[in-house]
Amino acid sequence: MTQILYTILLLISNPAHEFHMSKTDIHYKSDQKSIQFSVFLFIDDFEETILLQQDGTELKLFTDYESASADSIIYNYISDRLSIEVDDLIISPDYIGKELDEKDLQGMWIYLEVNDQNTFSTMSVSNSLLTESFSDQRNIINVLVDKKRKAYHILDKNDFLKEINI
């Protein structure tokens, strides 16, 4: 009964959106020697994808019933579907956390960071977030170096890898 009420409340308070997209801002800050990642995902799209992949695991993000393993599931999923190479070396960002988007309560921001990153000349970004679940999924990447835009791309399931000169 509780599960049914939760589902009804979720549907009423969070009506389905008509498009599937994510946004990833990648910002290299040379003075801090860090690459900071901000990833925006719609919560319902992410939860549906995880539900299908994790044998029925319900995350219930940003509720009193949030799964204890939510953060590790988020990090593992992002690590599998968003990969970055700098000067042909794979980097592994650390998970900082997540937060509900204050402007759009249907979305969440996920934060990752790589520290001690020296200057580099090329970056390769592979972003296939949620493309296994939604054929119309679009993933926007925005790459900045010291607040200056270096690249802006819209990726999809057939075009998910971009090489960027810094």
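Q: How is pLDDT to be read in this model, and what average does the protein reach?
A: The term pLDDT is the predictor's confidence in each residue, on a scale from 0 to 100. For this protein the average is a pLDDT of 90, and 90% of the residues score at least 70. Over residues 1-14, however, pLDDT stays under 50, and the model has six contacts beyond four places in sequence for that stretch, where contact means heavy atoms within 4.5 Å. This is a predicted model, in which local features need pLDDT of at least 70 and side-chain atom pairs count only at pLDDT 80 or more, whereas totals for chains, interfaces and linings use all residues. Residues are numbered from 1 along each chain as its sequence is written, and side-chain values use heavy atoms, with hydrogens and water left out.

Q: How many helices and strands does the protein have?
A: Helices (H or I, at least four residues) and strands (E, at least two) are DSSP runs, numbered from the N terminus. On that basis the protein has three helices and 10 strands, and its elements run, from the N terminus on, as α-β-β-α-α-β-β-β-β-β-β-β-β.

Q: What is the strand order in the open sheet of six strands?
A: As a general idea, strands of a sheet pair through backbone hydrogen bonds, either parallel or antiparallel; two strands are taken to pair if DSSP finds at least two bridges between them. Here the six strands follow the order β5-β6-β2-β1-β8-β9, and their pairing is mixed. The edges are formed by β5 (94-100) and β9 (148-155), each of which pairs on one side only. Neighbouring strands of this sheet are turned by 15 degrees against each other on average, direction ignored.

Q: Which residues stand opposite one another in this sheet, for instance opposite Tyr 111 in β6?
A: Strand β2 (residues 34-42) is joined by eight bridges to strand β1 (residues 21-29), the two running antiparallel, and Val 39 of β2 is the bridge partner of Thr 24. Eight bridges also join β2 to β6 in an antiparallel arrangement, with Ser 38 standing opposite Tyr 111 in β6. Between β5 and β6 the antiparallel pairing extends over six bridges, and there Gly 97 stands opposite Tyr 111; a hairpin of six residues joins β5 to β6.

Q: How many residues of β6 are buried?
A: Buried means under 20% relative accessible area, exposed means over 50%, and partly exposed lies in between (1.4 Å probe, protein chains only). Seven of the eight residues of β6 are buried, so this strand is largely enclosed by the rest of the structure. For the protein as a whole, buried residues make up 45% of the 166 residues.

Q: Which strands does α2 lie across, and which of its residues are buried?
A: Helix α2 lies across β2, β5 and β6 (107-114), running at about 90 degrees to β2. In α2, the residues Ile 43, Asp 45, Phe 46, Glu 47, Thr 49 and Ile 50 are buried, and the buried residues of this helix pack against β2, α3, β5 and β6. After α2 comes Asp 55, whose phi is positive, near 50 degrees.

Q: At what angle do the axes of α2 and α3 cross?
A: Axes are lines fitted to C-alpha atoms, for helices over the stretch in contact, and angles run from 0 to 180 degrees between N-to-C directions. Angles under 35 degrees count as roughly parallel, over 145 as roughly antiparallel, 65 to 115 as roughly perpendicular and the rest as oblique. The axes of α2 (residues 43-53) and α3 (residues 70-81) come within 12 Å and cross at roughly 90 degrees, and the two helices are therefore roughly perpendicular to each other. Phe 46, Thr 49, Ile 50 and Gln 53 of α2 make the contact with Ile 73, Ile 74 and Tyr 77 of α3.

Q: What is the strand order in the open sheet of four strands?
A: Its order is β4-β3-β7-β10, with antiparallel pairing, and the edge strands are β4 (89-91) and β10 (161-165), each pairing on one side only. The twist from one strand to the next averages 25 degrees. Helix α3 packs on this sheet, where it touches β3 (82-86) and β7, and its direction makes about 55 degrees with that of β3. Strand β7 (residues 122-127) pairs with β10 in the antiparallel sense over five bridges, and Ser 124 stands opposite Glu 163 in β10.
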